[in-house]
Amino acid sequence: MSTAVPPPVIVLVRPQLGENIGKAARAMLNFGLTELRLVAPRDGWPNPDAGPAAAGADIVLAEAQVFDILAEAVADCTTIYATTVRKRGVMKPVLTPEAAARAVHADAGRSAYIFGAERSGLDTDDVALAHNIVTVPINPKFASLNLAQAVILLAYEWSKHAPGEADGGVALASPPTVPLDPIAPHAELEELIQHLVRDLDASGYFVPPERTEATLRTLRTALTKTGWSHNDIRMMHGIITSLGRKPRAR
C-alpha cells in the first residue's frame, strides 16, 4: 500500500453568506474533500442557511472548524495556496489549479487552499501568509467566479489524482454510461422512408409536382443523417400511421 498524501484543507476566510458556505461544502464532497475550516464567518457558525445549500454534504458542515484568524486555521499546514485573480502586490509563485494539484500530491505534509470573502476576496495580508498563489485562467472581461465555483475547480483538479479506497482515499466514479442501441440495417430505414413518402403523397404534400424529386432527395438526406435504431424506426412508423388516422372522439 502506498503512503497516502493528506487531502488539502479548504479554508474560507471571512465568508459572508451561510448559503455560500453550504455550496462550497457540496463542491468539496463532490470530489472527496471533507475538511472545511472557517475564519471569522460574518454571520457566525453554525449558520442555518448552510445546510439546505449543502444538499446533503452534512458531514462537511458538521465537522467544520472555526478560527478567529487565518494563521490559526493553517497552523498545522506545511504548504498554503492562496486563490486569487490578482497578485495584490505580493511576489509569490503563481500556479494554475492543475499545477497546484500536482504540487499538493507531491507534498507529504498537509496543504491548504484558502479562499477569500465573496465580495472582496483575500486581502494582502492573507496572500502574504501563503506560499503560492493559485489563479484560474479566465476571461479577462468577466473575471468573476463565485465561491463555490472556485472551490469546485480546485477540488476537481485535486481529485483527478486522488488516492482510491485501497489507499485510504475516496472512490470517485463517473456516472454509469448506457450503451446506445445498435443502428438498424438500411433496409429498415428504407421502409420507413417509403412509409413516410406514401403518406405525404396521399396528403398532397408534394406541391408543386415538379419539385417532388428535389423534395424527396432533401427528405432522404435529412433522415439518413440520424443513426436510427430498430426501436426508433418502429416508433416513427407508429407516429406516421397515427397521423394518418382520423382523430378519436373524446
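Let's start here: which residues are linked in a network of salt bridges? They are E35, R37, D76 and R110. By salt bridge I mean a side-chain nitrogen of Lys or Arg within 4 Å of a carboxyl oxygen of Asp or Glu.

Quick housekeeping before I go on. This is a predicted model, so local features need pLDDT of at least 70 and side-chain atom pairs count only at pLDDT 80 or more, while totals for chains, interfaces and linings use all residues. Residues are numbered from 1 along each chain as its sequence is written, and side-chain values use heavy atoms, with hydrogens and water left out.

One of its pairs is R37 with D76, where the closest N and O atoms sit 2.7 Å apart. R37 is in strand β2 (residues 36-39) and D76 is in the loop between α4 (70-73) and β4 (79-83), so this pair ties together parts that are 39 residues apart in sequence. Helices (H or I, at least four residues) and strands (E, at least two) are DSSP runs, numbered from the N terminus. R37 is buried, at 4% relative accessible area, whereas D76 is partly exposed, at 43%. For the cut-offs, buried is under 20% relative accessible area, exposed is over 50%, and partly exposed is in between, with a 1.4 Å probe and protein chains only.

And how many salt bridges does the structure hold? The count is 11. Let me show you two others. D123 pairs with R14, with 3.4 Å between the closest N and O atoms. That one links distant parts of the chain, 109 residues apart: D123 is in the loop between β6 (111-115) and α6 (124-129), and R14 is in the loop between β1 (9-13) and α1 (18-30). D123 comes out partly exposed at 33%, and R14 is partly exposed at 30%.

Now for a local one: K23 and E19 meet at 3.2 Å, N to O. Both lie in helix α1, 4 residues apart, which is about one turn of the helix. K23 is partly exposed at 37%, and E19 is partly exposed at 38%.

What does V136 touch, leaving out residues up to four places away in sequence? P97, L145 and L153, where contact means heavy atoms within 4.5 Å. V136 is partly exposed, at 21% relative accessibility.
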